[in-house]
Amino acid sequence: MKIALLGYGKMGKMIEQIALDRKHEIVLKIGRDNAHELTAENLQKADVAIEFSTPATVLSNIELCFNAGTPIVVGTTGWHKELPQIKEQCGYNKASLIYGTNFSVGVNIFFYINKMLARVLNNYPYYDVQVEEIHHTQKLDSPSGTAITIAEGIIQNLDGKNEWKNVLISDDQPDDETIANNEVLIESLRIENVPGTHTVIYDSEVDTIEFKHTAHNRNGFALGAVLAAEWVKDKKGFYSVEDMFDFNN
Ligand SMILES: NC(=O)C1=CN([C@@H]2O[C@H](COP(=O)(O)OP(=O)(O)OC[C@H]3O[C@@H](n4cnc5c(N)ncnc54)[C@H](OP(=O)(O)O)[C@@H]3O)[C@@H](O)[C@H]2O)C=CC1
Ligand SMILES: O=C(O)C1=N[C@H](C(=O)O)C[C@H](O)C1
């Protein structure tokens with residue numbers, strides 16, 4: 001399979017390694033310095049594009065792939081408000097796109113169990129829930145896309161919660177935000193070199209239930225993105241990473 005890498009930073013480089021190990025070929029690598037090479041003609045040399053760039057560049061990169069007719073895997077986070085518009089655009093263009101806030105198998109299992117856990121906790125309203133995410137200090141967006149997916153999974157399954165609210169915890173700002181009863185709090189922490197840690201915390205007066213995923217490195221995200229490229233290459237339409245997994249069987 002011929003792959004175009006849109007974004008050649010921490011993730012782009014790791015995806016390249018895994019793609020080569022799986023006998024794929026990299027035909028285009030785009031970073032900030034050579035963004036002018038991102039043309040329809042160059043994109044059409046690839047069977048699929050894998051997009052891990054920045055919140056500021058992801059939307060135009062998607063549009064370029066739609067116009068070129070190149071299927072695209074999108075891992076970039078920080079653009080969730082534009083998701084409905086991109087979904088619609090994908091339909092008009094009869095394009096192919098798979099989006100995931102997190103492509104690692106472990107996190108997708110975590111997403112699934114998070115929803116089940118929320119359903120169970122419905123019967124025990126004396127627990128309140130919050131989500132905590134920790135990432136490296138270069139991360140541009142907060143909360144993490146993964147934390148938003150977790151919060152949305154809770155909102156869909158836990159009565160009384162219908163919104164999330166993010167608080168970025170920093171040393172120079174007091175943590176005195178108020179949270180309404182209908183909100184799921186997402187606390188974001190930024191600590192050097194952390195690839196990604198997510199915890200769902202149900203707290204009551206008598207105990208705490210914690211459900212946690214810790215990424216040890218970025219390999220799981222990168223492998224998942226390559227698997228998504230292999231999966232979406234010959235499909236048409238808008239997909240979510242959840243469509244790749246069927247945990248019921
Ligand atoms: N869904 C998932 O499983 C995961 C998602 N992510 C997300 O992926 C994104 C990238 O993460 P990461 O690799 O760690 O970030 P990096 O900052 O390491 O890499 C981003 C890269 O994008 C490049 N870039 C800048 N402008 C453009 C452009 N116009 N077109 C293409 N590339 C461009 C940057 O180039 P330059 O270096 O020249 O500035 C940089 O190399 C983030 O949004 C992150 O949240 C991360 C891990 C897993
Ligand atoms: O920026 C990162 O590094 C990561 N971003 C994704 C997110 O925002 O959820 C996925 C992963 O946690 C790493």
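Which residues of α1 are buried? Before I answer, a word on the model. It is predicted, so to speak of a local feature requires pLDDT of at least 70, side-chain atom pairs count only at pLDDT 80 or more, and totals for chains, interfaces and linings use all residues. Residues are numbered from 1 along each chain as its sequence is written, while chains are lettered from A and ligands numbered from 1 in the order in which they are written.

The buried residues of α1 are M11, G12, I15 and A19. Helices are DSSP runs of H or I with at least four residues, strands runs of E with at least two, numbered from the N terminus. On the other side of α1, Q17 and D21 are exposed. The buried residues pack against β1 (2-6), β2 (25-30), β3 (48-51) and α7 (219-232); contact here requires C-beta atoms within 7 Å. K23, with a positive phi near 70°, follows the helix.

I turn now to the ligands. A residue counts as around a ligand if its C-beta atom, placed from the backbone, lies within 6 Å of it. Helix α1 (residues 10-21) supplies three residues to the shell around ligand 1, the largest share. Of the 26 residues in that shell, G9, M11, R32, S53 and G75 come nearest.

Around ligand 2 stand T77, T101, N102, H135, K139, S144, G145, T146, G196 and F221. Domain 1 (2-103 + 219-244) and domain 2 (105-214) each provide at least three residues of this shell, the bounds coming from an automatic or database domain assignment.

Technical notes:
A residue is buried if 20 or more other C-beta atoms lie within 10 Å of its own, exposed if 12 or fewer, and partly exposed in between; C-beta atoms are placed from the backbone. Two residues are in contact if their C-beta atoms, placed from the backbone, lie within 7 Å.
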